[in-house]
Amino acid sequence: MSAVVAVSNLVVSYGMDDGEVFAVDGVDLDVVPGESVGIVGESGSGKSTLGMAIGRLLAPNARFLGGEIRVARRSILSCPAAELRQVRRDSLGFVYQNPMSALDPTLRVGRQVALAIGERAGPAEIEAVLGRVGLPDPARVAAGFAHELSGGMAQRVVIALAIARNPAVLIADEPTASLDASIQGVILDLLAALRRDTGASLILLSHDLRMVARRCERLLVMYGGRVVESGPSGRVFHHPRHPYTRALIRAAAGNEGPGGMLEPIPGVPPVLRRSSPDCAFAERCEFAQPRCRQERPAVHRVDGREVACHYATSELIRADRASAAPA
Amino acid sequence: MSPRGSPVLAGALRFDRLGLFGLVLLVVLLFLGAAGPFLPLGDPNEIGAGPRLGPPSLAFPIGNDELGRNVLPRVVEGIGVTFLLSSMAVAITAVIGTLLGMAAGYLRGFADGFIARVADVLFAFPALLFGLLASAVLGPGNISAIVVISTATLPLFIRVVRSVTLSFTEREFVLAAVVSGASTWRVLWVHLLPNVLGAAIVQLTYALSIGMLIESGLSFLGLGVQPPHASLGSLLRLGSVYLTVSPWLVLVPGLVLALAIMSVNLLGDAIRNMLEPLRGRPLT
Amino acid sequence: MNEPAPTIDMRGVGVTYRKRLLARQTEVAAVTRVDLVIGPGETLGLVGESGSGKTTLARVALGLLAPSRGTFLFEGRAFDPQVRRQGALSVVFQHPEWALNPRLRCGTSIAEPLLVQGLRGREQRRQRVRAMLAEVGLDAALVDRFPGELSGGQRQRMAIARALITQPRFVVFDEAVSALDVSVQSQVLNLIRRLQAQHGFAAMFISHDLAATRYVSQRIAVMRGGEFVEVAPARKFYDGPDHPYSRALYATIAGETGENAKELAS
């Protein structure tokens, strides 16, 4: 099955006042139709840049320094503007973190849905789309404005806008981060149901490793602009092989048991001024060896997943099989 | 305004070229205005120094006015007077406006309501009409010009200061100060004022350029600077009669006035850009 | 009967705002009815979404807002603004950006509560600032920097240093770790636990994140629509709380993972 999203060797930097900052430093990603992929990372990891790059929706000071992005087999980086717009319209759907800033405050909801559907969208089609995202009274929502909606309802509208034309790929960037935690499950269930019904692929970006592991088949962990570990989510979450993944699980509140301690990762995430010649995590890594500060790790296949670490296959990490995160 | 380290230094590095041009122009004009009397340009008051309405020549680079006076030193004097009057008025606006604006923004309630209404009333008064009123009461001249400029620029300034103060009143560090027992005075002086200053300075530069316009307008009507003193506005008035015969009497003061206002506005824009950089930050 | 009075004692507290919408005046109840007691040295976690009333409740606890109904006693007495000058109260907020005055050097900001308290000697204040920075794990050289030069985690530690420098008896942490990355958040959570064990202040830890809250609190109150739906020891939030709303929050941090993910995701 050919990939609906194919990213290879992507390198993206931002031109800032004081020089370049590399946000994505060589990323490969293939997403097949119907798949759910979760990308986890903290700020500076490059996950949002990667997600937005797929639709070429980056800030004006972003520079594509290398690599290729293909969506539905069209090259995003080199296709003409009209084709790019068409790909965005028909193949991609984006769901953002803050629904209130994703919706136009001056247009009625129905009108925004109509614009998303395109062509001639009558009230019936508008209400049908709003119904698909589980809004109980689509007619009333369509007649109203964004500020009249609660956070959860507004996010449903944003999802409605994203799926209006049944795109092949849904990209959700922290879709529940600004919502009440109690409806996090409901919104994620909705995305899963839509995926099932339309056969679309879902790319879910988040800082919440546990949440992504629950909801996605495949899990990618990003650090310093690279994918440091990727594989089936259960495997990666319960038996992480990259030191960063392990450290992240031990540091995140929620994974500890009562009376347990969080183990912070010493140091701070890096700001890359150039493509990293070595391992970006080396200075914070508990297993770091001299080689880590000299040579950029290649991606190895270990235990049914990919890890970008020199020592993924070594005794050091295999010996720690027991330190899986509690379920 | 976004917070950044070492505010002055970081900001200075962002000063753009237009702003620099404005600054240089302003400095040149201010120098002329201040040093004018001491430069060997000639006597601005000497009647009959040259032919009446004499055209520009080597001895009289901008020619002579209807009384034969050398126009060059008069224009230089005009720059000084225009700037001086406007600056004094804007200084008064700055002090009163900052006090009232911050009081309105921080104390809210009755004080805010009262000050806002007063500002609205002042806002409604057309400056030149007010100028007539002021001259009727105070007599035409420098004092009434200062009063008019000050009252004309006060309302907008109060609104800007009030608005910025409001935006900072709910900031976490202000609340933290209140919780730790800081007095109202301390909060206003140590926490609010330094953060309001930036926007206030920008607004003051615009007030200065408006002030110069008002001053010129008043002097043009004969309500501002009185003869034999010259301001750019009064020179415009005296020269406008002879526009078809000796256009340089109007063109030169007019051009200088335009340059003065432009330089102040460019400077204001540059300072504003320094404080609110337009480039967004990337997401990752 | 020599038991010390609870630090925070609220009975039947309600807070209503009056909103003027065009010509009509509507009353909005930010807090409907709350009974809350926090003993000396205890951390109470307050969990709820934005709009649940938790920030309003925090303001009442800090004496910034008078309740419309009910009684509020601070250390057994009606709230007297004078306790502020004693340095008894402090607060750490959410946004590291605005936690400190951007125009003041960090050292000045941290020393300010001491100044307000009346500590005259400059050298004395400097000593206390240095000692506090060491406690929160920051390099002493950072006193001369401006907040804009520090990272979010560093700024938040500065805010904590300022909050604790007067040895307060009650500290409010209002979404204090919400804007921090996971790796930095864990550092700050551990810091809060350690400092509380060391200094023994009472605290209110407000968050929408149940995982962070149960880590630092002894008791947790779940707030919704202006009132508490459940108040229980933090331990209960590791096993499973009672109220349906609490359980919904709990589900986000304690669900199934891994092999079942595919099942759940499809």
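User: In what sense do strand 1 and strand 2 of chain A pair, and over how many bridges?
Analyst: In this predicted model, strand 1 (residues 5-16) and strand 2 of chain A run antiparallel to one another, with ten bridges between them. Within that pairing, Val12(A) has Val24(A) of strand 2 as its bridge partner.

User: What is the strand order of the open sheet in chain A?
Analyst: The sheet has four strands in the order 2-1-4-5, and the pairing is antiparallel.

User: And which are the edge strands?
Analyst: Strand 2 (19-31) and strand 5 (74-75) of chain A are the edges, each pairing on one side only.

User: What about strand 6 of chain A: which strand does it pair with, and in what sense?
Analyst: Strand 6 pairs with strand 7 of chain A in the parallel sense, over four bridges. One of the bridges joins Leu92(A) to Val169(A) of strand 7.

User: Which way do the residues of strand 6 point, and are they buried or exposed?
Analyst: Leu92(A) and Phe94(A) point one way, Gly93(A) and Val95(A) point the other way, and all of them are buried. In a regular strand, side chains alternate between the two faces of the sheet.

User: Turning to domains, how is chain A divided?
Analyst: Chain A has domain 1, comprising 5-91 + 167-256 + 263-322, and domain 2, comprising 97-166. The centres of the two domains, taken over C-alpha atoms, are separated by 29 Å.

User: How many residues does each domain give to the contact?
Analyst: Domain 1 of chain A gives 17 residues and domain 2 of chain A gives 14 residues.

User: Which elements give two or more residues on the domain 1 side?
Analyst: They are helix 2 (81-90), strand 7 (169-173) and helix 8 (184-198) of chain A. Helix 8 of chain A provides the largest share of that side, five residues. By class, the domain 1 side holds ten nonpolar, two polar and five charged residues.

User: Which residues touch the most other members of the largest nonpolar core?
Analyst: That core contains 255 residues, and those touching the most other members are Val113(A), Ala160(A), Val169(A), Leu170(A) and Met204(C). The largest share of the core, 16 residues, comes from helix 3 (residues 71-107) of chain B.

User: Why does the core lie between the two domains of chain A?
Analyst: Domain 1 and domain 2 of chain A both give residues to the core, so it lies between them.

User: What does Ala160(A) touch?
Analyst: Leaving aside residues up to four places away in sequence, Ala160(A) touches Val113(A), Val129(A), Leu130(A), Arg132(A) and Val133(A).

User: Moving on to the interfaces, how many residues of chain A and chain C are in contact?
Analyst: There are 35 residues of chain A in contact with 34 residues of chain C. On the chain A side, the elements giving two or more residues are helix 8, helix 9 (209-215), helix 10 (233-238) and helix 11 (243-251).

User: Which of these gives the most?
Analyst: Helix 9 of chain A does, with five residues. The chain A side as a whole divides into 17 nonpolar, eleven polar and seven charged residues.

User: And how many residues are in contact between chain C and chain B?
Analyst: In that interface, 25 residues of chain C contact 18 residues of chain B. Helix 2 (82-85), strand 6 (89-92), helix 3 (96-99) and helix 4 of chain C each give two or more residues to the chain C side. That side has twelve nonpolar, five polar and eight charged residues.

User: What covers the buried residues of helix 4 of chain C?
Analyst: The cover includes helix 7 (172-179) of chain B, together with helix 5 (122-135) and helix 6 (152-164) of chain C. Among the buried residues of helix 4 (residues 106-117) are Cys106(C), Ile110(C), Pro113(C) and Leu114(C). Just after this helix, Gly118(C) adopts a positive phi of about 110 degrees.

User: Where is confidence lowest and highest in chain C?
Analyst: The lowest is in helix 11 (residues 261-265) of chain C, at a mean of 36, and the highest is in strand 3 (residues 43-47) of chain C, at 95. The mean pLDDT of chain C is 87, with 93% of its residues reaching 70 or more. Over residues 257-266 of chain C, pLDDT stays under 50. Where pLDDT is low, the predicted coordinates should not be read in detail.

User: What does the model score for ipTM and pTM?
Analyst: The ipTM is 0.84 and the pTM is 0.81.

Note on methods:
Residues numbered from 1 in each chain as written. Chains lettered and ligands numbered in written order. Predicted model: local features only at pLDDT ≥ 70, side-chain atom pairs only at ≥ 80, totals over all residues. Core = buried A, V, L, I, M, F, W, Y, C linked by C-beta atoms within 7 Å. Buried ≥ 20, exposed ≤ 12 C-beta atoms within 10 Å, placed from the backbone. Domains from an automatic or database assignment. Contact = placed C-beta atoms within 7 Å. Nonpolar A, V, L, I, M, F, W, Y, C, P; charged D, E, K, R; others polar. Pairing = 2+ DSSP bridges. pLDDT = per-residue confidence, 0-100.
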